[in-house]
Amino acid sequence: MVWAPRVTIKKPEEIAIMREAGRINALALAATRELLQPGVTTADLNAAAEEVLRKHGAVSPFKGYPGPYPYPASITVSINEELVHGIPGKRKLKEGDIVSVDCGTLFGGFVADSAYTAGVGEISPEAQRLLTVTEQALHEGIRRMVPGNRTGDVSAAIQRYVERHGYHVTREYTGHGVGRQMHEPPQVPNYGVPKRGLVLRRGMTIALEPMVLIGTPHTRVLDDQWTVVSADGSLTAHFEHTVAVTEGGPLILTVL
Ligand code: MG
Ligand code: MG
């Protein structure tokens with residue numbers, strides 16, 4: 001991945017633009033969520049998100065993102081054991097799948113980045129519990145994003161919550177600063193030690209993104225060189241929000 005060189009502090013007016021990018025991003029994710037039914041293809045989800053971005057004069061920072069080869073779509077769609085970076089295509093959703101959709105929006109020169117995992121039709125109680133725990137882990141991290149705390153406080157809160165519920169966090173992929181670039185410092189892993197890491201300051205904007213696996217923390221990458229799956233084939237989930245550190249506390253930017 002390509003990272004900007006330093007942690008950036010955003011002015012209030014820049015955060016306001018990111019809030020708008022985040023709102024558009026939330027609309028795009030909502031459009032994909034409405035389509036989660038058996039028979040819908042992952043390319044359909046990509047088209048729905050692209051349509052929302054286009055209507056709002058925004059583009060996806062995912063498209064063309066440097067990697068083993070430029071990322072070919074505007075969102076990532078990762079199903080069941082696929083943790084992140086699944087490429088949309090002809091695959092059809094099936095009843096009982098859990099689908100992680102990650103979307104970025106570049107608007108007004110700034111990026112918003114957010115993801116959710118949701119079920120197709122009825123899902124197993126185990127899958128439902130995984131989604132509930134992963135989403136709550138994200139919020140456990142978000143509420144620690146206050147000035148004076150450290151990134152380790154946020155990381156540790158996510159890890160503790162996930163592991164207390166018997167699941168695992170990935171070590172290979174992390175949350176990150178976000179702003180004019182999709183990936184800026186600091187990295188904010190989903191594991192860590194309280195009171196360690198960078199001190200959070202007002203004006204930092206960070207995408208927190210717990211990536212949670214049922215079986216083990218280990219992952220591997222499929223032959224398409226992008227799709228990351230759990231090494232043991234167990235179910236995975238991913239929730240993400242872009243959050244600003246403000247004097248008044250954490251401000252989630254990627255909501256409607
Ligand atoms: Mg993302
Ligand atoms: Mg991200």
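**Aromatic rings and the charges over them**

The charged end of Arg171 sits over the ring of Tyr191, at 4.9 Å from the ring centre. The model is a predicted one.

Tyr69 belongs to the loop between helix 2 (42–55) and strand 1 (75–79). Trp226 belongs to the loop between strand 10 (219–221) and strand 11 (228–230). The pair therefore ties together parts that are 157 residues apart in sequence.

How exposed or buried are these two residues? Tyr69 has 29% relative accessibility, so it counts as partly exposed. Trp226 has 10%, so Trp226 counts as buried.

Trp226 also pairs with Tyr71. Here the ring centres are 5.1 Å apart. The planes meet at 80°, and because edge-to-face requires over 60 degrees, the pair of Tyr71 and Trp226 is edge-to-face. Tyr71 lies in the loop between helix 2 and strand 1, while Trp226 lies in the loop between strand 10 and strand 11. This contact therefore links parts that are 155 residues apart in sequence. Tyr71 has 4% relative accessibility, so Tyr71 counts as buried.

Tyr69, Tyr71 and Trp226 make up one aromatic cluster.

Notes: Residues are numbered from 1 along each chain as its sequence is written. Chains are lettered from A and ligands numbered from 1 in the order in which they are written. This is a predicted model: local features need pLDDT of at least 70, side-chain atom pairs count only at pLDDT 80 or more; totals for chains, interfaces and linings use all residues. Side-chain values use heavy atoms; hydrogens and water are left out. Helices (H or I, at least four residues) and strands (E, at least two) are DSSP runs, numbered from the N terminus. Buried means under 20% relative accessible area, exposed over 50%, partly exposed in between (1.4 Å probe, protein chains only). Rings of Phe, Tyr and Trp (its six-membered ring) pair if their centres lie within 6.5 Å; planes under 30 degrees apart count as stacked, over 60 as edge-to-face and the rest as tilted. A charge sits over a ring if NZ of Lys or CZ of Arg is within 6 Å of the ring centre and within 35 degrees of the ring normal.
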